[in-house]
Amino acid sequence: MTHNLDFLSDQDIRQIAALVDTLDRSGFDYLQLDVGTIKVTIGKGALPAQAMSTGLSTAGASVPSPTLAVPVAPTLAAAPPSSGGGAVHLTLAESVPSDWLPITATTMGRFYSRPDPNSPPYVQVGTPVGADDTVCLIEVMKLFNAITAGVAGTVMKVCIEDAAVIEFGQVLFYVKR
Amino acid sequence: MPVTRVLVANRGEIAVRIIHACRGLGLQSVLAASQVDLDSLGAELADRTVCIGPSSATQSYLDARLLVQAALSTGCDALHPGYGFLAESAPLAQLCADHGLVFVGPKPHQIAQMGNKIQARLLAAELGLPTLSGSTQVETSTEALAVARRVGLPLMLKAAAGGGGRGMKIVKSEAQMANLFAAASNEARAAFGDGTLYLERYIPNARHVEVQILADQHGQVIHLGERDCSLQRRHQKLVEEAPAPHLSSTLREALCAAAVQLAVGFGYENAGTVEFIVDQDSQTFYFLEMNTRIQVEHPVTEMITGVDLVQEQLRIARGERLRLSQEQVSIRGHAIECRINAEQVRQNFHPSPGQITRWDPPGGPHIRLDSHCHEGYVVPIFYDSMVGKLIVYGFDREEARSRMSRALLQFKIEGIDTTLELQRFLIDHPRFASGDVNTVMVESVLPELLDR
């Protein structure tokens, strides 16, 4: 980077400092922000390739990037907790193209991709979906909640395995408009 | 039943308190947290955290199915409900039982028996406890007026599904009845989904004294003395202490015996609190209600008995016998608790959520702070306003009182408004210093602070 920081106001610098602080407490490895003409990538150690290529190099360009719109997705492994203690195990939702939109879990529970074991899944990679289409079921205590896509587009990725337990807010699918 | 991993189905300071108790017993803890609580202190301390829903309590902490699902899918074998939320929900206790989870509390039918305050009054009376004259369910204000003519005024209108002071109104004249009846019934319906009311004689010069009970699954019941919780505002407790000041040993013994009698009488198990009203003028007492959960103010009892009540709850839940006999319970010294709320005292106690920019708790011997807060923590708008409980112990009441006064002065919280100043005013007030407390004291001395 050859830029000096003259173009940043005190306010900008304070905000960046606040971001560093937020990141520090979050458990995320890096954070990428794209506001108007400023793009900021903050992280620890080596940055993932995705961030390197789409982040700093295009400063000044006006590519709308919803990187931060990806909701926080706490992972819930099927294994029992380690007794070693520790906080919420947050992982940054994997890097996906900026025009992929997440469908997130509106409740915690068990994920089912199909209405019953003998039927095909509601959606697979490549399936076109409407905003009101059911994409999966989430079971909470024998009660099955139909989850709708919320956005129209094409399913690009299925993130959860059948019958896995998911937490509220976890990303289930990515859809491309 | 063996217990190895406990789902903590609550938030805030009590979640932290339960996690500490689990650690003390070598049990793992899994915190069920709403989205906004994912970075809370409880989440940091628990062995694991599960996001059960969005910030709104109805879609997270108040959904029994989500809590049980969270417990089952993380391999928990027990669930601790804390206080508030679903702590006294018979359906949650039943759902746990149906899925092989140990509910850390009493049996579902015991919760239900005490949950309906009309039934609880009848049961207590049946078991020989003194209850205030009054009524069972009253359907209309006309019916309530008839009760007023029979029992006499003043009367207290109360919600059958009650708790937290909601749906409670004092009726001083017959002319007030119609309006207050409608107001109380609406309030109760809004708070509990049940507008059923009953009436009880109102005692103007009263103290609120409650007895802590521990009961195991083998029929053993002990009490751990009483607490005085007379300092209340709008039926919300502000200051609690143990033992109760100026309580004659005759009254004390009678209260504690009555509490044990009730618990034995209906086969109660786990920790519980039997609440009484003590009529200061006649030196008599009456059963008010029983809380079938751990209470906010349990630390004052812990300080004067040395018993870890939350650990005892877990031990009882896994089937152990009580470790103490009644004779082994020894009460020593005096303890006081102040609830610190994020509220603007001078703006009619309006909640004051937001980021805490400074959090400097007091230190020194015999000072305990039960809290989930720290510098930088954002007090969310979604839940109650309590940010911590400051508890002190002293050789006697005066030592505890002056220690509390100094501790409150030392406690620095910035970024949000708190009730620290109000608490210091109450603790330093000559009436509190002399032990001359009753349930209307706060109301009567508050103007002295507000007019300053």
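Predicted model: local features only at pLDDT ≥ 70, side-chain atom pairs only at ≥ 80, totals over all residues.
Let's start with chain A. Its secondary structure comes to two helices and 12 strands. What is the order of elements from the N terminus on? The run is α-β-β-α-β-β-β-β-β-β-β-β-β-β. Chain A has 177 residues, and buried ones make up 33% of them. Now the contacts. Take the pairs in chain A that sit at least 6 apart in sequence. Of those contacts, 55% join residues at least 24 apart.

Next, the sheets of chain A. Four strands form an open sheet, in the order S5-S12-S10-S7. The pairing there is antiparallel. Which strands are at the edges? They are S5, residues 100-104, and S7, residues 128-129. Each of these pairs on one side only. Look at S5(A) with S12(A), residues 171-176. Five bridges hold that antiparallel pair. For a landmark, take Ile103(A), which stands opposite Phe173(A) in S12(A).

Still in chain A, turn to strand S6, residues 109-112. S6(A) has an antiparallel pairing with S11(A), residues 165-166, over two bridges. There, Gly109(A) stands opposite Ile166(A). S6(A) is also joined to S8(A), residues 134-140, by three bridges, again antiparallel. In that pairing Arg110(A) stands opposite Glu139(A).

On to chain B. Four bridges join S1(B) to S2(B), and the two run parallel. Arg5(B) stands opposite Gln28(B) in S2(B).

Which residues of S2(B) point which way? Gln28(B), Val30(B), Ala32(B) and Ser34(B) point one way. Ser29(B), Leu31(B) and Ala33(B) point the other way. All of them are buried.

Now the nonpolar cores. The largest has 69 residues. Which members touch the most others? They are Leu7(B), Ile52(B), Leu67(B), Leu79(B), Leu92(B), Leu214(B) and Leu314(B). Helix H1(B), residues 12-24, gives the most to this core, with seven residues.

Pick out Ile52(B) from that list. Set aside its neighbours within four places in sequence. Ile52(B) then contacts Met108(A) and Phe168(A), among others. In chain B its contacts include Ala32(B), Ala33(B) and Ser34(B). Also among them are Gln59(B), Ser60(B), Tyr61(B), Leu66(B), Leu67(B) and Ala70(B). There is a second, separate core of 36 residues. That one includes Tyr377(B), Val379(B), Leu390(B) and Phe432(B).

Helix packing next. Two packed helices are described by the angle between their axes and the distance between the axes. Take H4(B), residues 90-98, and H5(B), residues 108-115. The angle is about 175°, and the axes are 8 Å apart. Angles over 145 degrees count as roughly antiparallel, so H4(B) is roughly antiparallel to H5(B). Which residues make the contact? H4(B) brings Ala90(B), Ala93(B) and Gln94(B). H5(B) brings Pro108(B), Ile111(B) and Ala112(B). The contact residues divide into five nonpolar, one polar and no charged.

Then the eight-stranded sheet of chain B. The sheet is open, in the order S13-S12-S9-S10-S11-S14-S21-S19, with antiparallel pairing. The edge strands are S13, residues 284-291, and S19, residues 367-370. From one strand to the next, the twist averages 25°. At the S19 end, S19(B) pairs with S21(B), residues 386-394, in the antiparallel sense over four bridges. The bridge partner of Ile367(B) in S21(B) is Val392(B).

What packs on this sheet? Helix H9(B), residues 249-265, touches S9, S10, S12 and S13 of chain B. The direction of H9(B) makes about 115° with that of S10(B). Helix H11(B), residues 309-317, lies across S9, S10 and S12 of chain B. H11(B) runs at about 45° to S9(B).

One last residue. Asn341(B) lies in strand S14, residues 334-341 of chain B. Is Asn341(B) buried or exposed? The relative accessible area of Asn341(B) is 10%, so this residue is buried. What does Asn341(B) touch, leaving out residues up to four places away in sequence? The list is Ser385(B), Met386(B), Val387(B), Asp417(B), Thr418(B) and Thr419(B).

Note on methods:
Residues numbered from 1 in each chain as written. Chains lettered and ligands numbered in written order. Heavy atoms only, no water. Pairing = 2+ DSSP bridges. Axes fitted to C-alpha atoms, helices over the stretch in contact; angles between N-to-C directions. Parallel < 35°, antiparallel > 145°, perpendicular 65-115°, else oblique. Contact = heavy atoms within 4.5 Å. Nonpolar A, V, L, I, M, F, W, Y, C, P; charged D, E, K, R; others polar. Core = buried A, V, L, I, M, F, W, Y, C linked by side-chain atoms within 4.5 Å. Buried < 20%, exposed > 50% of the residue type's maximum accessible area, 1.4 Å probe, protein only.
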